Amino acid sequence: MEYANHLNEYVAAPTAEEVAQEVAAICESARANNTTDVYKFCLSAIDLTTLSPCDEEQSVAEFARRAAELTVEYPHLPGVASICVYPPFVETVGLEIDAMPLRITSVAGGFPSSQTFLEVKMLEVAMAVENGADEVDIVLNVGKILSGALDEAANEVEVLREESDGATLKVILETGALRTPELIRQASLLAMQAGADFIKTSTGKIDVAATPEAAVVMCHAIKDFYAKSGRKVGFKAAGGIRTVEDAALYYTIVKEILGEEWLTPELFRIGASSLANNLLSAIEGEEIKYF
């Protein structure tokens with residue numbers, strides 16, 4: 001299917017200067033959102049992530065068990081939104097959180113580079129879902145975007161959308177490699193046109209991960225796509241988000257650009273690991289190293 005020729009139906013991307021000005025204004029607003037209630041919401045929006053080359057069944061099982069027991073240890077707090085792991089560990093997580101209101105997210109489709117055969121990506125997505133993944137995080141083929149093969153990149157998303165068989169599909173743009181507002185906006189719109197349920201900033205595997213500048217561009221693209229299509233697409237910030245101030249900033253970006261209706265785990269996620277402990281510590285008023 002052709003996607004690139006529809007990009008001109010949307011408003012032009014902002015300039016880098018316009019984005020910087022908006023980020024500065026939102027940073028000011030974010031100070032008021034460093035509150036316990038916001039921290040609790042951000043905790044409930046976390047995709048609690050372990051994507052280490054050292055992951056193995058026992059460590060992932062313990063990680064999942066701790067996530068499942070969070071609301072037992074802290075019954076006055078919400079649980080995280082999901083547990084995010086590599087595909088071979090989806091079943092391991094499922095066994096640990098059986099009957100718990102926790103979703104399982106699997107990275108797939110050649111994560112983190114997307115540089116493998118499309119058939120391999122298709123099989124990996126299908127197997128992750130078959131093994132119990134409720135959500136799948138794939139990576140947009142950045143190389144194709146940078147080379148101008150926009151339709152090829154979008155068509156890969158469309159194919160993997162079909163393989164995801166009803167699971168929530170989050171498309172990682174790797175905005176640190178795209179760099180410019182124009183390319184980030186194009187990638188956002190292409191992914192959404194091709195069927196993404198969420199667009200996500202980063203893999204966390206390259207030097208430049210999530211930035212508020214990329215988030216602003218992506219959220220405006222989501223807003224414009226919704227105005228044109230009537231379909232709400234979620235936003236996920238991931239990669240290097242560790243402090244409670246970071247979490248409140250991304251919360252504020254979503255609130256100011258997309259509105260209160262996007263402030264739900266169904267439409268806003270934060271991919272993180274150490275952030276969860278920092279949010280718990282800020283909420284409880286003492287250092288907590290739960291995870």
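Which residues does Thr252 touch, not counting residues up to four places away in sequence?

Analyst: The model is a predicted one, and what follows should be read with that in mind. Leaving out residues up to four places away in sequence, Thr252 touches Ile26, Ser29, Ala30 and Asn33. Thr252 itself belongs to helix α12, which runs over residues 244-258, and it counts as buried because its relative accessibility is 0%, where buried means under 20%. Its side chain also reaches back to the backbone, coming to 2.7 Å from the backbone oxygen of Ala248. On the geometry of such a helix, there are 3.6 residues a turn, so residues three or four places apart point the same way.

Pro112 lies in the loop that joins β3 (103-107) and α6 (118-130).

When its neighbours within four places in sequence are set aside, Phe235 is in contact with Phe198, Ile199, Thr201, Ala215, Met218, Cys219, Ile222, Tyr250, Val254, Leu267, Phe268 and Arg269. Cys219, one of these contacts, is buried, because its relative accessible area is 0%. Its sulfur lies 13 Å from the closest cysteine sulfur, in Cys42, and is therefore too far away for a bond. Across the model the count of disulfides comes to zero. Cys54 is likewise in no disulfide, the nearest cysteine sulfur being that of Cys84, 17 Å away. Cys54 is exposed, because its relative accessible area is 62%.

Arg269 is another of the residues that Phe235 contacts, and it is found in strand β8. With a relative accessibility of 5%, Arg269 counts as buried, and its side chain is joined to that of Asp47 by a polar contact of 2.8 Å. Neighbours within four places in sequence aside, the contacts of Arg269 are Ala45, Asp47, Ala81, Ser82, Arg103, Glu135, Lys170, Phe198, Phe235, Lys236 and Ala237.

In helix α13 (residues 274-284), the buried residues are Leu275, Ala276, Asn277, Leu279, Leu280, Ser281 and Ile283. These buried residues pack against α12 and β8 (268-272), and also against α2 (36-44), β1 (46-49) and α4 (70-73). Just after α13 comes Gly285, which takes a positive phi of about 75°.

Another helix, α10, can be set beside this one. Helix α10 covers residues 181-193, and its 13 residues reach 18 Å from the first C-alpha to the last, close to the 18 Å expected at 1.5 Å a residue. This helix is mostly covered, with 12 of its 13 residues buried, among them Pro181, Leu183, Ile184, Arg185 and Gln186. After α10 comes Gly195, whose phi is positive, near 115°.

Positive phi values also turn up in residues that are not glycine. Arg179, in the loop between α9 (175-178) and α10, has a positive phi of about 75° although it is not a glycine, and it is exposed, with a relative accessible area of 65%. Ala99, in the loop between α5 (90-96) and β3, has a phi near 70°, a positive value in a residue other than glycine. Ala99 is exposed, because its relative accessible area is 76%, where exposed means over 50%.

Methods:
Residues numbered from 1 in each chain as written. Predicted model: local features only at pLDDT ≥ 70, side-chain atom pairs only at ≥ 80, totals over all residues. Heavy atoms only, no water. Helix = DSSP H or I, 4+ residues; strand = E, 2+ residues; numbered from the N terminus. Expected span 1.5 Å × (residues − 1). Buried < 20%, exposed > 50% of the residue type's maximum accessible area, 1.4 Å probe, protein only. Polar contact = N/O pair within 3.5 Å; in protein donor to acceptor, adjacent residues only side chain to side chain. Contact = heavy atoms within 4.5 Å. Disulfide = S-S within 2.5 Å.
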